[in-house]
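Student: I am new to this structure. Please take a close look at a single part, and then link that part to what surrounds it.

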Amino acid sequence: MIEITGLSVQFGGVRSLDEVTLTFPGGTCGLIGPNGAGKTTLFNVLSGFVTPAVGQVMIDDVDLLAMTDYRRARWGVRRTFQTVQTIESLTVYENVRTVHEHAAEGSRSERQHAVDDVLSFVGLTGVRDEVVRTLPQRDRRFIEVARAIVGAPRVVLLDEPAAGLPEEETEQLAQIIRGVPERTGATVILVDHDMSLVQACCEWTAVLDFGRLVAAGPTGEVLHDEKVIAAYVGDEEV
Amino acid sequence: MVGRVQSHRAFQPAIVIALFVFAMFAMPSIFDATWIHNFTQMAIFSMVAASVGMLYGRVGLVSLGQVAPYGIGTWITVRLAFATDVPYPLLMIVGGIGAAVIGVLIGLPALRVSGLYLALVTLMLAVGVEILLFQLKLPNGGSGFRGVAASLTAITPVRRPVFAETDVAYFRFAVAVAFIVFMVAVAFLATKPGRAWASVRQSEPSALASGIDITRYKLIAFGLAAFMAGVAGGLFAGHVQNSIGINQFNRQAALLLIAVVLMGGINSLWGAVLAAFFAKILLDFLTQNVIGHQFWNDFALTIFGIGLMINLIQTTKSMETKGLLE
């Protein structure tokens, strides 16, 4: 469970997050909203890349904001990025191994087993020893997911993981994302503009707009909430 | 395996060993004393070039100041060679460690900047060390901390290892040291630090999100690079013995170094060998053996300058498009 209380982020005159109070219950949760709503800012706060002006984030009774950025990853906060950030010059195996050897513990054989296991989970065993720069976008997206879930993550932040993927590959990705909580015990937070992906993966969803929490609850109900529809279509009365 | 392009992978063992054996046993029989002198310079310079290439190509740190640890390594080794009877190879290691310590200390404030700003900071470092060496002067067998004798008649040559007192033996020694230093670099690149550096170079936010302590690994990179350059400095001292000038470590040398490194290529350790070939063999060949000596000298430097300019333009473009966060 991730408890966010009174979180505000200010960039000059712009308030990217405005007193957001929100609890992610666990499992796979959606985080949606129009462009500029503050979704990635919230991810950056959780990752330690952005320091909030005020607020608190508690995960399993641990004060997340007290930890430095890379220590959060070691503690279990993992993420992907909107732009693929895989390491071009390394192989698929080395990409995932790099995360495991810094953010997880284990002997050499345990590490190899953990990395191979997660590669099998995301369906990349066949390209295990390929250098990433030779691989297509789909594989790079899946490598990012593998990097985020290897070891023992507590929170997995997926920032538009399906961006640029065709429908068929998005469905494959959805299948993988749905399996992450059961496999790792981590809470997954999915940001995506593809509502079919959010619906397919998330039992629970929160909606941000202009840095404020608009709605939160079961995904089916939230997507039909008038305030949420207004946030997307711009109803001035709301 | 498809697409194996990493520098430690591209440094194929069979080719390396064949070249090493060729250099150690065939080259002294093929080339005369002048060329052996030049190839010794090339072996030494390749280590400095590798230190620059490793920092830039593998960690993404643009350093124009690697002549500084090169000069510091030279000074420490020369000073200790005159002051002690410690075996010369050990002095070179001490010189390398001294350069590494200073390299890490300098790296600390440099961590706050990156890209072209880091290049400027490190160039200022090179200027600072140049001024320091100009004031200290290189030891020449005198007494005191500086070890500088006032009278020219007091100059004595820097001693060499007992097993490498002749030029040919010293060439072999230089090749062996370069081989070892390159293997140390490969060992780092092929293991945990190398993967961390690759991650940092690709994307610092992604590296942080992978649990990588970026500051620690950048300092390790600065330290290792300075150590490599420092050891090369010690080797250089024994090579030239009594004609060491600080112009080897000045700002022009710093710019020439980065230019040839970029020309040689920064994504592979072979690039460092090629850079050393450009700077110490090709340039000398053109200026000493081709009609119009000065023309070739100027022409070669112009080519190196163009190479540097192209790379800086590309780096700037890459920095502009590297918007990783929202």
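Tutor: Start with helix 3 and helix 7 of chain B, which are roughly parallel to each other. Angles under 35 degrees count as roughly parallel, those over 145 as roughly antiparallel, 65 to 115 as roughly perpendicular, and the rest as oblique. This is a predicted model, where local features need pLDDT of at least 70 and side-chain atom pairs count only at pLDDT 80 or more, while totals for chains, interfaces and linings use all residues. Residues are numbered from 1 along each chain as its sequence is written, and chains are lettered from A and ligands numbered from 1 in the order in which they are written. Helices (H or I, at least four residues) and strands (E, at least two) are DSSP runs, numbered from the N terminus.

Helix 3 covers residues 33–59 of chain B, and helix 7 covers residues 167–189 of chain B. Their axes cross at roughly 15° and come within 9 Å. Axes here are lines fitted to C-alpha atoms, for helices over the stretch in contact, and angles run from 0 to 180 degrees between N-to-C directions. The crossing of helix 3 of chain B past helix 7 of chain B is left-handed. Left-handed applies when the near helix is turned anticlockwise from the far one by less than a right angle, and right-handed when clockwise.

Which residues of the two helices make the contact? From helix 3 of chain B they include Ala33(B), Ile36(B), Phe39(B), Thr40(B), Ala43(B), Ile44(B), Met47(B) and Ala50(B). From helix 7 of chain B they include Tyr170(B), Phe171(B), Ala174(B), Ala178(B), Val181(B) and Phe182(B). This contact of helix 3 with helix 7 of chain B divides into 18 nonpolar, 3 polar and 2 charged residues. Two residues are in contact if their C-beta atoms, placed from the backbone, lie within 7 Å. Ala, Val, Leu, Ile, Met, Phe, Trp, Tyr, Cys and Pro count as nonpolar, Asp, Glu, Lys and Arg as charged, and the others, Gly among them, as polar. An α-helix has 3.6 residues a turn, so residues three or four places apart point the same way.

Helix 3 of chain B has another partner, helix 10 (residues 214–240) of chain B. Here the axes lie 9 Å apart, at an angle of about 170°. That makes helix 3 of chain B roughly antiparallel to helix 10 of chain B. Thr40(B), Ile44(B), Met47(B), Ala50(B) and Met54(B) are among the residues of helix 3 of chain B that meet helix 10 of chain B. The contact of helix 3 with helix 10 of chain B divides into 15 nonpolar, 3 polar and 1 charged.

Now step back to the chain. Chain B has 13 helices and 0 strands. It has 326 residues, and 47% of them are buried. A residue is buried if 20 or more other C-beta atoms lie within 10 Å of its own, exposed if 12 or fewer, and partly exposed in between, with C-beta atoms placed from the backbone. Ala18(B), in helix 2 (residues 13–30) of chain B, is exposed, with 11 other C-beta atoms within 10 Å. Of the contacts in chain B between residues at least 6 apart in sequence, 75% join residues at least 24 apart.

Chain B also touches chain A. In that contact, 24 residues of chain B meet 29 residues of chain A. Helix 8 (192–202) and helix 9 (204–209) of chain B each give two or more residues to this side. Helix 8 of chain B provides the largest share, 6 residues. This side of chain B divides into 11 nonpolar, 8 polar and 5 charged residues.

Chain A holds an open sheet of 4 strands, in the order 2-1-4-5, with antiparallel pairing. Two strands pair if DSSP finds at least two bridges between them. The edge strands are strand 2 (14–24) and strand 5 (62–63) of chain A. Strand 1 (residues 2–11) of chain A pairs with strand 2 of chain A over 7 bridges, and 5 bridges join strand 1 of chain A to strand 4 (residues 54–59) of chain A. Helix 1 (residues 39–47) of chain A has 9 of its 9 residues buried, so it is largely enclosed by the rest of the structure. Gly48(A), with a positive phi near 95°, follows helix 1 of chain A.
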